Amino acid sequence: MADGAAVAVGAGPDVNTAGNPTEIAMAYLQDEKTDGDIANLNLGELDLTTDEFILDEVDIHIQANLEDDLVKEALKTGVDLRQYSKQVEAELQRIEQASIKDYIKESQNIALLHNQITACDSILERMEGMLSGFQSDLSSISSEIQTLQQQSVSMNVRLKNRQAVRSHLSQLVDELVVPGAMISTILDSPVTEQEFLEQLHELNNKINFAKELSFRETLACSDIQDIVDRLKLKAVSKIREFILQKIYSFRKPMTNYQIPQNTLLKYRFFYQFLLANERTVAKEIRDEYVDTMSKIYYSYFKSYSGRLLKVQYEEVADKDDLMGVEDTAKKGFFSKPSLKSRNTIFTLGQRGAILSPAELEGPILVPHTAQRGDSRYPYETLFRSQHYALLDNGCREYLFLSDFFMVAGNSALDLFNSIMGKTLSMFLKSMSTYVSDCYDSIAVFLCIHIILRFRAITAKRTIPALDKYWEAVLELLWPRFELILEMNIHSIRNTDPQKLGVLDTRPHYITRRYAEFSSAIVSINQTFPNERTNALLGQLQVEVENFVLKMAAEFPSRRDQLIFLINNYDMMLSVLMERAADDSKEVEGFQQLLLARTQEFIEEILSPPFGGMIAFVKEAEALMEKGQLDRLKNEEARITQLVRGFSSTWKQSVEAMSQDVMRSFTNFKNGTSIIQGALTQLIQYYHGFHKILNQPTFRSLAVRSELINLHHLMVEVKKHKPNF
């Protein structure tokens, strides 16, 4: 191979055989240019001999070709490129011949393949036509779907409009059509049947609907107007007859009118129908009801009130039955008999029970039953029964009127007054007559508080029908009560103690009257306090206190005066505390008076047996405060007499004092309290006596040894305290 390479490149003597491959290729090309076979070869852009050829670019192409693996391999082995090229060309020709033979050999298959491809092309062409047809069909279907959708929306709108029109038309037709069942029921069925009431509701709806259509000038309204009017007249006629029959049934004697009232309430729609469709008939029924019930209530309460008065106590207070009047006072020849005891006028007793809830809202009195049992009652009991009947009937009537006649507010009050006005006027007139001649202040005051409680009951029931009547009654009763109270105040103020008979240290009957009366008024007044009443009671208390002082002044001795005062104060306080509160003004006032007079009485009863010692103690204590006790230094004889006198007589004196106190006071408990107070005061004085004699001024006195031991004295004194 080395030799071949040398021969191959030997033609170029100027070529360096040991040069690089590029130089070898260039030498080869030079040799090729001299070859006659390629003298006329047109290489075009590859013509390296042209002046335009750029050697730099040739270098680049050569370098790129030299990078080929085959070229590299050939150059390395020194292969002759021309020979190698011929080999390659021969190989290509051989391969071409072989390929042609293969093509000829496979010509039938190729022809078959060509036919198949042609068939496939025709099939694909037909499919393309079919798909194009499908595409056009789909386009037309889409447009049809859009058209159908638009038609559906349009049909849906038309359907909704038709349904809306149909609902209005069907309602209109339903309201306009008068069923045969309604006609037969209204004409033939009794009004008490439930079916009649239901059809009456339907008829009322059709009447109202016809009125509404007439305002709109609906022509269809005229088609049913005549039938509806006839049915309305028939229904009004039957309802009027039914309600008037019920109202007339109230007039039957011994009828419980609440039963037909309850029946009417079941058919309250009847009046509502009349009021809406036939006001003249509704007014006729209302006027008839008002007239009937007004007469019934007036007759009932007039009869009931007259019968109640027959079971009242025959003995009643008159103008001479006052607190300051003497029990033995004589009356004129023509005067009516006096009460057996005036004290009952001022005593509450069991009369106050009328204000308890059980009594206040208890059953009313039945006069003929009370007469049969020969029972008698005070005026306030009759008053309570009468007004509770009024309250019960009045509340029920007001509720009935509001419900059945559909009224409220001032309209309901006016309707109620048109029914009950005559009865209430009769009550006020009768009460005015009674009150003008009544002198039983407790009865009047109880009546006032009955009315106050009844007013609270009606307020709780939210029924204002009787409010004005309650006020009118109170305007009658309050001035009369105040007048009677003022008459009693004047009677006590004008009482002459010298005309009241024999003097007695026991409680006076006038103070007892006051105590009973004041406790009664105070206990009743606690629930609904009244300042005017409290002021009058204060005036009465002042007059009673002045009266007691005037009576006490009639006694010659201060001791008897104090006994009289203490007995009366104690009695009044005891009676007041039974009913009045402990912190009431009256109780506190008499407690202070009793305490002051009791303390004074204790000093009074200690003075006779122990006055000398008490005077000495008070004198010595006064000098001790001034530091002048030495001024009594020369009183040894007096002190000796006091010490020995007390030691020898104190037991007898205490015993006599205890017995005297217990005889002087009517209240054993009060007498015991006074004795205890007196003995306690005595021990305090004797303790002061001991204290004075223990002073330096008197320590040298021998008589000090004769003093009774204070503790021993206290033990002995306890033995004299009364036990109960």
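Leaving aside neighbours within four places in sequence, Phe689 is in contact (heavy atoms within 4.5 Å) with Met613, Phe616, Val617, Ile639, Leu642, Val643 and Leu707. The model is predicted: local features need pLDDT of at least 70, side-chain atom pairs count only at pLDDT 80 or more, and totals for chains, interfaces and linings use all residues. Residues are numbered from 1 along each chain as its sequence is written, and side-chain values use heavy atoms, with hydrogens and water left out.

Phe689 belongs to the largest nonpolar core, which has 170 residues. Such a core is a set of buried Ala, Val, Leu, Ile, Met, Phe, Trp, Tyr and Cys residues joined through side-chain atoms within 4.5 Å. Buried means under 20% relative accessible area, with a 1.4 Å probe and protein chains only. Ile243, Phe270 and Phe689 have the most contacts inside this core. Helix α22 supplies its largest share, 14 residues. Another core, of six residues, lies apart from it; Tyr304, Leu308, Leu365 and Ala370 are among its members.

The chain holds 25 helices and zero strands. Helices (H or I, at least four residues) and strands (E, at least two) are DSSP runs, numbered from the N terminus. Of the 724 residues, 38% are buried. Among contacts between residues at least 6 apart in sequence, 77% join residues at least 24 apart.

Helix α20 (residues 531-553) has 23 residues. From first C-alpha to last, α20 reaches 33 Å, close to the 33 Å expected at 1.5 Å a residue; the expected span is 1.5 Å times one less than the number of residues. Asn530 caps the N-terminal end of α20, with a side-chain oxygen 3.1 Å from the backbone nitrogen of Arg532. The buried residues of α20 include Leu536, Leu540, Phe547 and Met551. Its buried residues pack against α17 (441-460), α18 (467-493), α19 (509-525), α21 (558-579) and α22 (585-626).

Aromatic pairs number 37. Rings of Phe, Tyr and Trp (its six-membered ring) pair if their centres lie within 6.5 Å; planes under 30 degrees apart count as stacked, over 60 as edge-to-face and the rest as tilted. Tyr289 and Phe405 form a tilted pair, at 5.4 Å centre to centre and 55° between the planes. Tyr289 lies in α12 (residues 279-309) and Phe405 in the loop between α15 (379-404) and α16 (409-436), so the pair ties together parts 116 residues apart in sequence. Both Tyr289 and Phe405 are buried. The ring centres of Phe555 and Phe564 are 5.3 Å apart with planes at 40°, so this pair is tilted. Phe555 and Phe564 are buried.

Conventions: Buried means under 20% relative accessible area, exposed over 50%, partly exposed in between (1.4 Å probe, protein chains only). A polar contact is a pair of N or O atoms within 3.5 Å; within protein, one must be able to donate a hydrogen and the other to accept it, and residues adjacent in sequence count only if both atoms are side-chain atoms.
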